[in-house]
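Student: I have a structure to go through and a few quick questions. Can we take it piece by piece?

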Amino acid sequence: MIKITLFKFMSILIKNRKQIAKIRIASRLAAEVLDIIKPYVLPGITTGQLDKICHTHIVQKQHAFSACLGYRGFPKSICVSVNDVVCHGIPNNKQVLQKGDIVNIDVTVLKNNYHGDTSTMFIVGQTSETGKKLCEVTKKSLYLALQLVKPGIRLQNLGKQIQKYVESQNFSIVREYCGHGIGKNFHEEPQILHYDAEDNGIILEPGMTFTIEPMVNAGEGNIHLMKDGWTVKTNDGSLSAQYEHTVVVTEQGCEILTWRKDELIPRIITH
């Protein structure tokens, strides 16, 4: 995700079939990383070990690159955000996962000069009812937005739907970070805001590729950046969750490019 900036003159890149095919490949690889890391997300493992496993798989098995590694100085291959960390958690060998933790793992794979970006939540053992509900609500908010994606609708509708549902469940939307266009560039226009906000009149068109990645807090929506310049935490220490998919707008709806087999939503959505 990227930090929200004020809207300026935007150039939204519409992808052709060949470009979409390359984004699809990178996206499937990113989704695969989340599948292979799942058995390792257990009490006692360090976030640094999770990073090493993912990095090795991306480089040695997929013959690809982690787009996160070295991006604006980010030191690791994946982001691992635990409990009250909203996003951009830096993996390290001192942070040991504990039973009851909720963990977001965010992966972006670069393959043949194109990107695929996705994240999901993992629950370490059994967590609190609040943690469980937070993850369920956050995932459903993403699904509700994905089900709206089709040509001809205002981009604003996606954030409006996410905000309406999340707040109806008494949770809060993080507003400082957003989804983004994606392709040859890790981050492109447009910004995908996860709440009801001005969208500069953007109408979805076939060939648009972007991420939707709502960040939801169990408490207040206020956040702060840690001294490391990356890790973002909730101000009140409450739990935070995030789910993310890369999607392409099709003629009839959308295709979830980072779809995984355990999803509760179709890979291709047709209206």
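**Strands, a histidine and a helix**

Tutor: Strands S15 and S16 make a hairpin, with 3 residues between them. Strands (E, at least two residues) and helices (H or I, at least four) are DSSP runs numbered from the N terminus.

Student: What should I know about the model before reading on?

Tutor: This is a predicted model, in which local features need pLDDT of at least 70, side-chain atom pairs count only at pLDDT 80 or more, and totals for chains, interfaces and linings use all residues. Residues are numbered from 1 along each chain as its sequence is written, and side-chain values use heavy atoms, with hydrogens and water left out.

Student: Which strand is joined to S15 by 4 bridges?

Tutor: S10 (residues 209-212), and these two strands run antiparallel. There, Thr209 stands opposite Val248.

Student: Why is S15 described as largely enclosed?

Tutor: Because 5 of the 5 residues of S15 (residues 245-249) are buried, the strand is largely enclosed by the rest of the structure. Buried means under 20% relative accessible area, with a 1.4 Å probe and protein chains only. His245, Val247 and Val249 point one way, Thr246 and Val248 the other, and all are buried.

Student: New topic, His115. Buried or exposed?

Tutor: Buried, with a relative accessible area of 6%. His115 sits in strand S6 (residues 114-123).

Student: Which backbone oxygen lies 2.9 Å from a polar atom of its side chain?

Tutor: That of Gly183. The His115 side chain also reaches the backbone oxygen of Lys184, at 3.2 Å.

Student: What else is His115 in contact with?

Tutor: Leaving aside neighbours within four places in sequence, its contacts (heavy atoms within 4.5 Å) include Ile23, Ala67, Leu110, Asn185 and Phe186.

Student: And the open sheet, what is its strand order?

Tutor: S4-S13-S12, with antiparallel pairing. The edge strands, S4 (85-87) and S12 (223-225), each pair on one side only.

Student: How many bridges join S12 to S13?

Tutor: 3, and S13 covers residues 232-234. Leu225 is opposite Val232 in S13.

Student: Last one, H3. Which residues are buried there?

Tutor: Among them are Gly131, Leu134, Cys135, Thr138, Leu142 and Tyr143.

Terms used: Buried < 20%, exposed > 50% of the residue type's maximum accessible area, 1.4 Å probe, protein only. Polar contact = N/O pair within 3.5 Å; in protein donor to acceptor, adjacent residues only side chain to side chain. Pairing = 2+ DSSP bridges.
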